[in-house]
Amino acid sequence: MTLIGRTRARGVETLCLDAPERRNALSATLVGELADALTGAGEDTGVRAVVLTHTGNTFSAGADLRDPPAPEALVGLLRQIVELPKPVLARVTGHVRAGGLGLLAACDITVASHAATFAFTEVRIGVAPAVISLPLLPRTDPRALARYYLTGEHLDTAEAVRIGLLTAAGDDVDEVLAPILDGLRRSAPDALAETKRLLTARVLETFDRDAADLTALSARLFASAPAREGMTAFLERRDPEWVV
């Protein structure tokens, strides 16, 4: 059973996260399948752009606590999205949490319906948004990230647009996407690739400089006693011991 659906229309390849019963959590299997699908889309001359979307009411709940990907695998996936020689767009109609926000930040254009909500929930289970900071920090308002990283508060779409997490939002996400996709279809493929390279240069500098340190930080935190307590509390649907 595949966890990534694939469809194509007029040069746009849609990759759909399709594990709704697990809230499209980033398991080792899902990350691997998504990486393979992106490789195929990147190499296919018939693909002008890639849209990353989802089934169910959650785009992605972040790392799958029962089958988490290795930090190196998540770094590789995020970098692959940033480096893909074709624009990658996120189409969101549900909730996005923790590691799922790393996918959004890696995409070139992000669009959501007003039903979407967002939260960096890592601190509430005893870890930190380490690896996903690689694309987030260069692209998102740092003062806003300080608040939302440290508190785990929910953001609505208006706030997500304001801080740079989203490109645009609307009642009908496909209406918002339509002129964007039309513009991409009218653009020369080589010009799109070179323009994307121009736009992502500083993001890739962050990967080159910080990936090893943030990967090590993620691995250390996930192996810590607070993380064990936080993840156990999450799975048992109770507050962790540090809540006051």
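1. Two strands are taken to pair if DSSP finds at least two bridges between them, and helices (H or I, at least four residues) and strands (E, at least two) are DSSP runs, numbered from the N terminus. On that basis S3 and S5 run parallel and are joined by three bridges, with Leu-89 in S5 as the bridge partner of Val-51.

2. On provenance, this is a predicted model, in which local features need pLDDT of at least 70 and side-chain atom pairs count only at pLDDT 80 or more, whereas totals for chains, interfaces and linings use all residues. Residues are numbered from 1 along each chain as its sequence is written, and side-chain values use heavy atoms, with hydrogens and water left out.

3. The S3 to S5 pairing belongs to an open sheet of six strands, ordered S1-S2-S3-S5-S7-S10, in which the pairing is mixed. Strand S1 (4-9) and strand S10 (168-170) stand at its edges, and each has a single partner strand, so one side of each is left without a neighbour in the sheet. Direction ignored, neighbouring strands of this sheet are turned by 20 degrees against each other on average.

4. Within this sheet, strand S2 (residues 12-17) and strand S3 (residues 49-54) run parallel and are joined by six bridges, and Glu-13 stands opposite Val-50 in S3. Helix H1 (residues 28-43) packs on the sheet and touches S1, S2 and S3, its direction making about 20 degrees with that of S1. Contact here means heavy atoms within 4.5 Å, while axes are lines fitted to C-alpha atoms, for helices over the stretch in contact, and angles run from 0 to 180 degrees between N-to-C directions.

5. Further along the order, S5 pairs with strand S7 (residues 109-113) in the parallel sense over four bridges, and Ala-112 in S7 is the bridge partner of Val-92. Strand S5 (residues 88-92) is mostly covered, five of its five residues being buried, where buried means under 20% relative accessible area, exposed over 50%, and partly exposed in between (1.4 Å probe, protein chains only). Both faces of S5 are covered, with Val-88, Ala-90 and Val-92 buried on one side and Leu-89 and Arg-91 buried on the other.

6. A second open sheet has four strands in the order S4-S6-S8-S9, again with mixed pairing. Its edge strands are strand S4 (58-60) and strand S9 (154-155), each of which pairs on one side only. S6 and S8 pair in the parallel sense over two bridges, and Val-96 stands opposite Phe-118 in S8.

7. H3 lies across S4, S6 and S8 and runs at about 100 degrees to S6. This helix is mostly covered, since eight of its eight residues are buried, among them Gly-99, Gly-100 and Gly-102.

8. How do helices H2 and H8 pack against each other? Helix H2 (residues 71-83) and helix H8 (residues 189-222) pack at an angle of about 175 degrees, with their axes 10 Å apart, which makes H2 roughly antiparallel to H8. For such labels, angles under 35 degrees count as roughly parallel, over 145 as roughly antiparallel, 65 to 115 as roughly perpendicular and the rest as oblique. The residues making the contact include Val-75, Leu-78 and Val-82 of H2 and Val-203, Leu-204 and Phe-207 of H8.

9. The structure holds one aromatic pair, formed by Phe-120 and Tyr-149, which is edge-to-face at 5.0 Å centre to centre with 65 degrees between the planes. Rings of Phe, Tyr and Trp (its six-membered ring) pair if their centres lie within 6.5 Å, and planes under 30 degrees apart count as stacked, over 60 as edge-to-face and the rest as tilted. The pair links distant parts of the chain, 29 residues apart, with Phe-120 in the loop between strand S8 (118-119) and helix H4 (133-139) and Tyr-149 in helix H5 (residues 142-151). Phe-120 and Tyr-149 are both buried.

10. Two backbone angles deserve a look, given that most residues other than glycine have a negative phi. Arg-10, although not a glycine, has a positive phi of about 50 degrees; Arg-10 is placed in the loop between S1 and S2 and is exposed, with a relative accessible area of 64%. Ala-98, also not a glycine, has a positive phi of about 45 degrees; Ala-98 is placed in the loop between strand S6 (95-97) and helix H3 (99-106) and is buried, with a relative accessible area of 9%.
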